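Q: I have a model open on my screen and would like to learn how to read it. Could you walk me through some features one at a time?

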Amino acid sequence: MKDVSTGTLYLAVDDVVEIVRRTGLAECFAQIAARIEADYCRWREFDKTSRVASHSAKGVIELMPISDGQTYTFKYVNGHPGNTSFGLPTVMAFGVLADVTTGAPLLLSELTLTTAMRTAAMSALAARLLARTNSRCMALIGNGAQSEFQALAFHNLCGIEKVRLFDSDPDATSKLVMNLRKTSNLAIEVCDSIAEAVSGADIVTTITADKTNAAILLPDMIEPGQHINAVGGDCPGKTELHPGILCEGRVFVEYEPQSRIEGELQQMPSDFAATEIFGVIAGQQPGRVSEEDVTIFDSVGFALEDFSALHFLYESAKTLSLGKPVQLVPACEDPKNLFSVFASLSSGPSTASQKHAEASA
């Protein structure tokens, strides 16, 4: 049984930055992708559910729980496209890893940075299975907070050598170009339109933030053999692909019940065919069948990926002696006597009680 008196390991932003600094970003991508791959191969061991979402006019707040019967994780995450006007990230997240046997929380961690890494690692893992093996050029439509992670994960895990960039905000593209030039030897081409960026690309990644039913990719932009990594359409009422593209390609999703509500699939009839990616990862179903296939990864993010990422953080933090224990669970000599935690309370009336009695006198 876990000794809860040792506390729950807490990882702040600085701790996760230090994990990345000591491990290396490329190696973090590789390790997270490997854990995701291994966990998807155990797909049927997990107690799965679609995330629980609370929608508002400004965005969404979600809880994403999952368990394999040994450990349980959840992530709290938001998506508020207008947050940058308040000086806040569009996406903010934290997560918990707990022991199923006792329910004791083992880890409480930031997940804003980690979500960016795991999203990119999952995208690259899917592309290794679905894109043409000689893919070297990727179009990146949407150059916001997730874009560097996508570009670098595809560079390090898939061998992408060139990125073609487009964003309706030139400042976002300038930011991305600056960061990529500091951290990689990627060839970079800034494009004037989505169509220009997509033309000739092996992989097309869409990662826009606007919460709207958009069709930023049209069927006449898509070329035979391309792989589409659709990341931005991740909640009800938010899409990026014209439905005609889905009809022309082969669509892969993470967890179909969730993708039907939140992904590009929300545009399609309920009997429209889609393949859960776990079958491809486990070698049970084919991915790309021919060089001419158009493959589409309709990625909305699934709790299993956060499960993998939290385990990566927990093991990395223990190996590198990072984080600090915090007392989320009261430590009692007699766990049946929870009130004993308040042992320091005075036996006399509280100050508030005294004031109330004096006022009533």
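Q: Let me start with a pocket: what volume does the second largest pocket have?
A: Keep in mind that this is a predicted model. In it, the second largest pocket has a volume of about 150 Å³.

Q: Which residues line the second largest pocket?
A: Look for Leu25, Glu148, Phe149, Leu152, Asn179, Leu180, Lys182 and Thr183. Two elements each give two or more residues to this lining: helix 4 (147-158) and helix 5 (170-183). Helix 5 gives the most, with four residues. Sorted by class, the lining has four nonpolar, two polar and two charged residues.

Q: How many bridges join strand 10 to strand 12?
A: Four bridges join strand 10 (residues 203-206) and strand 12 (residues 227-230), and the two run parallel.

Q: What kind of pairing does the open sheet of seven strands have?
A: Its pairing is mixed, with the strand order 2-3-4-5-6-1-17. The edge strands are strand 2 (52-55) and strand 17 (324-326). On average, neighbouring strands of this sheet are turned by 20 degrees against each other, direction ignored.

Q: Do strand 3 and strand 4 run parallel or antiparallel?
A: Strand 3 (residues 60-67) and strand 4 (residues 71-79) run antiparallel, joined by eight bridges. Two of the pairs to look up are Ile66 with Thr73 and Met64 with Lys75. The hairpin of these strands has three residues between them, and there Gly69 takes a positive phi near 90 degrees. On to the next neighbour: seven bridges join strand 4 to strand 5 (residues 93-99), again antiparallel. Here Val77 has Ala93 as its bridge partner in strand 5.

Q: Which helices should I look for against this sheet, and which strands do they meet?
A: Helix 1 lies across strand 1 (8-11) and strand 6 (105-110), running at about 75 degrees to strand 1. Helix 10 (residues 303-320) packs on the sheet as well, touching strand 1, strand 3, strand 4, strand 5 and strand 6. The direction of helix 10 makes about 100 degrees with that of strand 6.

Q: Last, salt bridges. How many does the count come to?
A: Pairs are counted when a side-chain nitrogen of Lys or Arg is within 4 Å of a carboxyl oxygen of Asp or Glu. By this rule the count comes to 18 salt bridges. One of them joins the side chains of Glu18 and Arg22, at 2.9 Å from N to O. Both residues lie in helix 1 (residues 13-23), four residues apart, about one turn of the helix.

Key: Residues numbered from 1 in each chain as written. Predicted model: local features only at pLDDT ≥ 70, side-chain atom pairs only at ≥ 80, totals over all residues. Heavy atoms only, no water. 1 Å grid on protein atoms, 1.4 Å probe; cavity = no way out; pocket = protein on both sides within 12 Å on 5 of 7 lines; lining within 4 Å. Points joined across faces, edges and corners; volume = space filled by probe spheres on them. Nonpolar A, V, L, I, M, F, W, Y, C, P; charged D, E, K, R; others polar. Pairing = 2+ DSSP bridges. Axes fitted to C-alpha atoms, helices over the stretch in contact; angles between N-to-C directions. Contact = heavy atoms within 4.5 Å.
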